[in-house]
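Me: Hey, I've got a structure open and could use a hand reading it. Can we go through it bit by bit?

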Amino acid sequence: MTYKGKSPEEHEMSAAEGYDAYASAYVHDEKKLDRFDLKMLMRALRLLTGLSVLDLGCGTGRLAPLFQKRLADHVVGCDLAPGMLEVAAKTGAYRELVQGDLLEELPFDWESFDVVICSMVLVHIPQKMIPHAMQEMFRITKPGGFVYVVNLPQRRAPKLYLPDGRTIFIESYIHADNKIIAALEEAGFSDVMIDEHKEGADHYATLIRVQRPL
Ligand SMILES: C[S@@+](CC[C@H](N)C(=O)[O-])C[C@H]1O[C@@H](n2cnc3c(N)ncnc32)[C@H](O)[C@@H]1O
């Protein structure tokens with residue numbers, strides 16, 4: 001399902017275009033977003049030292065404090081929007097930052113990562129591309145490795161105010177948790193674990209953890 005009901009002066013943009021334009025302003029939203037997933041990710045992830053970690057759709061590097069607290073020493077960030085990657089570089093949390101598109105083949109070899117984290121990104125992936133996205137995650141995860149997906153099924157695509165005064169919506173889709181889990185299992189993952197953050201009917205996020213079998 002896509003979001004409707006925009007007025008003519010509000011522009012819908014692709015994720016690449018929209019996040020590039022919004023990158024410098026995104027940092028002001030980070031605290032608001034942290035409350036949805038940071039506690040769940042802290043609960044789920046313990047010592048990351050020595051593990052290769054991918055922050056897939058890393059944006060501005062909002063999860064940098066998680067990596068710092070969990071003593072990660074090998075984190076790669078990947079995002080579609082170069083503007084977001086530029087901001088992420090300033091956190092100093094990433095060994096490498098790479099442009100990549102989850103709708104295509106990701107720029108990583110088979111079995112590259114022990115841990116893949118993908119938070120608040122699937123909201124920009126069309127339904128028909130979810131199986132492809134999960135297959136790519138499976139391909140780049142090492143056998144025995146884990147994938148952590150945060151699903152934030154917002155009722156409405158957030159309205160974003162660009163520094164140049166324009167108001168935009170970024171092309172967004174709602175995905176039910178069970179559809180995401182089914183696609184992950186179909187891709188070959190198993191051992192599903194779920195955590196939830198709830199704030200009334202309209203605000204919730206789910207952390208879905210799966211493992212690539214050995
Ligand atoms: C809501 S932000 C989340 C950023 C970060 N994961 C966080 O939790 O703060 C969504 C991010 O997904 C990226 N993105 C959207 N579609 C993508 C795609 N097809 N491939 C890779 N990244 C994508 C956007 O550029 C943006 O940085």
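Me: How are H1 and H4 oriented to each other, parallel or antiparallel?
Reply: Keep in mind that this is a predicted model. H1 (residues 15-26) and H4 (residues 82-89) pack at an angle of about 25°. Angles under 35 degrees count as roughly parallel, so these two helices are roughly parallel to each other.

Me: Which residues make the contact?
Reply: From H1, they are Tyr19, Asp20, Ala23 and Tyr26. From H4, they are Pro82, Gly83, Met84 and Val87.

Me: And what's that by class?
Reply: Six residues in the contact of H1 with H4 are nonpolar, one is polar and one is charged.

Me: How far apart are the axes of H1 and H4?
Reply: The axes are 7 Å apart.

Me: OK, switching to the sheet. What order do the strands come in?
Reply: The order is S1-S8-S7. These three strands form an open sheet, and the pairing is mixed.

Me: Which strands are at the edge?
Reply: Strand S1 (11-13) and strand S7 (159-161). Each of them pairs on one side only.

Me: How much does the sheet twist from one strand to the next?
Reply: The average is 40°.

Me: How do S7 and S8 run, parallel or antiparallel?
Reply: Antiparallel, with three bridges joining S7 to S8 (residues 167-170). Tyr161 stands opposite Thr167, which is in S8.

Me: What holds strands together in general?
Reply: Strands of a sheet pair through backbone hydrogen bonds.

Me: Back to H1. Which strands does it lie across?
Reply: H1 lies across S1, S7 and S8. Its direction is at about 130° to S8.

Me: New topic, the ligand. How many residues surround it?
Reply: There are 20. The closest are Tyr26, Gly57, Arg62, Asp79 and Ser119. Tyr26 also takes part in the contact of H1 with H4.

Me: What distance is given for Tyr26 and the ligand?
Reply: A side-chain N or O atom of Tyr26 is 2.7 Å from an oxygen atom of the ligand. For Arg62, a side-chain N or O atom is also 2.7 Å from a ligand oxygen.

Me: Which part of Gly57 faces the ligand nitrogen, backbone or side chain?
Reply: The backbone: one of its polar atoms is 2.6 Å from a nitrogen atom of the ligand.

Me: Last one. Where is His197?
Reply: His197 lies in strand S9 (residues 190-199). Its side chain has a polar contact of 2.7 Å with the side chain of Glu199. The C-alpha atoms of His197 and Asp37 are separated by 7.3 Å, though the two residues are 160 residues apart along the chain.

Conventions: Residues are numbered from 1 along each chain as its sequence is written. This is a predicted model: local features need pLDDT of at least 70, side-chain atom pairs count only at pLDDT 80 or more; totals for chains, interfaces and linings use all residues. Side-chain values use heavy atoms; hydrogens and water are left out. Axes are lines fitted to C-alpha atoms, for helices over the stretch in contact, and angles run from 0 to 180 degrees between N-to-C directions. Helices (H or I, at least four residues) and strands (E, at least two) are DSSP runs, numbered from the N terminus. Angles under 35 degrees count as roughly parallel, over 145 as roughly antiparallel, 65 to 115 as roughly perpendicular and the rest as oblique. Contact means heavy atoms within 4.5 Å. Ala, Val, Leu, Ile, Met, Phe, Trp, Tyr, Cys and Pro count as nonpolar, Asp, Glu, Lys and Arg as charged, and the others, Gly among them, as polar. Two strands pair if DSSP finds at least two bridges between them. A residue is near a molecule or strand if one of its heavy atoms lies within 4 Å of it. A polar contact is a pair of N or O atoms within 3.5 Å; within protein, one must be able to donate a hydrogen and the other to accept it, and residues adjacent in sequence count only if both atoms are side-chain atoms.
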